Amino acid sequence: MTLAPEIVSLTGTHCRRVEVVVEVVVVPSKNDGSELAGGAIADLLNRKPTAVLGLATGSTPLGVYDDLVRRYEAGEVSFAQAKGFALDEYVGLPPNHPESYRAVIKREIAERVDFAPDSVHGPDGWASDIPAACAAYEEAIVAAGGIDLQILGVGTDGHIGFNEPISSLASLTRIKTLTEQTREDNARFFDDDLAQVPTHVLTQGVGTILRAGHLVLLAWGENKAEAVRDTVEGPITSMIPSTALQLHPHATVVVDEAAASALANRDHYKWTYANKPAWQGI
Ligand code: F6R
């Protein structure tokens, strides 16, 4: 078995990662994975209260948000000085549409914890000048100091954010056309009516995502198994944008057993994580 070599920081002053480029953590259940990711975010906020979080939507991160709300209510974490940036947004849905990602982020996390007003942002898919809105979003992320931790789900076709296959791995926030597969996957949020699913989105680019300090990609269930295998073990290709995680010095993939089921090196990842020095966290 050949695994990619360890990535050591260019300054040579620290050595964070053990053995694999993308760390895979196989957890018994979605709840365990959500708790693990929630714990990493809470640790970050406790270390750095002004942390900038990258927030995904879709069904995958919902358990993480529930976990964070629980920690907030228990007094273990505060978002009062933090900032949030959504990954993506549909084009053409009014911001108050219940399935606009702005509304979803507000409902699922922002208004359930103590984020300050106007501290959570999303690309403006309702803007009349879309290119300007995309440029403004990139600038806002930079002005906030960059994203410290980016939560990611993955599409069945390997999209991250809404970077569909054949997305430049250097891309920044821009407009994209959804594939029919993604529109069908997301029709469940639109009364199972494909006609209601927007055709276009604004999304942080793969390059934007790669600028974040720590990428935490989550995947649950067997229908994500192939995408997870390709992300971690496949060749890097714009055909599968999630493979760009292999270019990042601190990427963590948290998967349940079903989502891990197609990984060739699954047992090794489990062994590696079980023997990881506890001080490293994820
Ligand atoms: C949503 C997003 C998408 C989803 C992906 C998986 O903000 O960035 O990449 O993470 O479509 O969706 P779910 O989680 O619904 O399976």
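**The ligand and the parts around it**

Modeller: An N or O atom in the side chain of Asp 88 lies 2.7 Å from an oxygen atom of the ligand, a polar contact (a pair of N or O atoms within 3.5 Å). The model is a predicted one, in which local features need pLDDT of at least 70 and side-chain atom pairs pLDDT 80 or more, while totals for chains, interfaces and linings use all residues. Residues are numbered from 1 along each chain, and side-chain values use heavy atoms, without hydrogens or water.

In the side chain of Thr 60, an N or O atom is 2.4 Å from an oxygen atom of the ligand. With Ser 59 the backbone takes part: one of its N or O atoms is 2.9 Å from a ligand oxygen. Taken alone, the ligand exposes 400 Å² (Shrake-Rupley method, 1.4 Å probe), and the protein buries 94% of that area. Altogether 15 residues surround the ligand (a heavy atom within 4 Å). The closest are Thr 57, Thr 60, His 159, Gly 161 and Lys 224.

Next come the strands (DSSP runs of E, at least two residues; helices are runs of H or I, at least four). Strand β4 covers residues 88-90.

Strand β3, residues 83-86, pairs with β2 in the parallel sense, over 4 bridges. Phe 85 in β3 is the bridge partner of Gly 54. β2 is covered on both faces. Val 52 and Gly 54 on one side, and Leu 53 and Leu 55 on the other, are all buried (under 20% relative accessible area; exposed is over 50%, partly exposed in between; 1.4 Å probe, protein chains only).

Helix α2, residues 62-73, is 12 residues long. From first C-alpha to last, α2 reaches 17 Å, close to the 16 Å expected at 1.5 Å a residue; the expected span is 1.5 Å times one less than the number of residues. Its buried residues are Val 64, Tyr 65, Asp 67, Leu 68, Val 69 and Arg 71. These pack against α1 (30-47), β2 (52-55), α3 (101-108), β6 (149-152) and β9 (214-219), where contact means heavy atoms within 4.5 Å. After α2 comes Gly 75, with a positive phi near 75°.

The loop between α3 and β5 holds both Ala 110 and Asp 118. Ala 110 counts as buried because its relative accessible area is 14%. Not counting residues up to four places away in sequence, Ala 110 touches Ile 105, Phe 115 and Val 120. Asp 118 is exposed, because its relative accessibility is 72%.

Most residues other than glycine have a negative phi. Asp 118, though, has a positive phi near 65°. Ile 166 also has a positive phi near 65°, and this residue is found in the loop between β6 and β7. Ile 166 is exposed, with a relative accessible area of 55%.

Note on methods:
Two strands pair if DSSP finds at least two bridges between them. A polar contact is a pair of N or O atoms within 3.5 Å; within protein, one must be able to donate a hydrogen and the other to accept it, and residues adjacent in sequence count only if both atoms are side-chain atoms.
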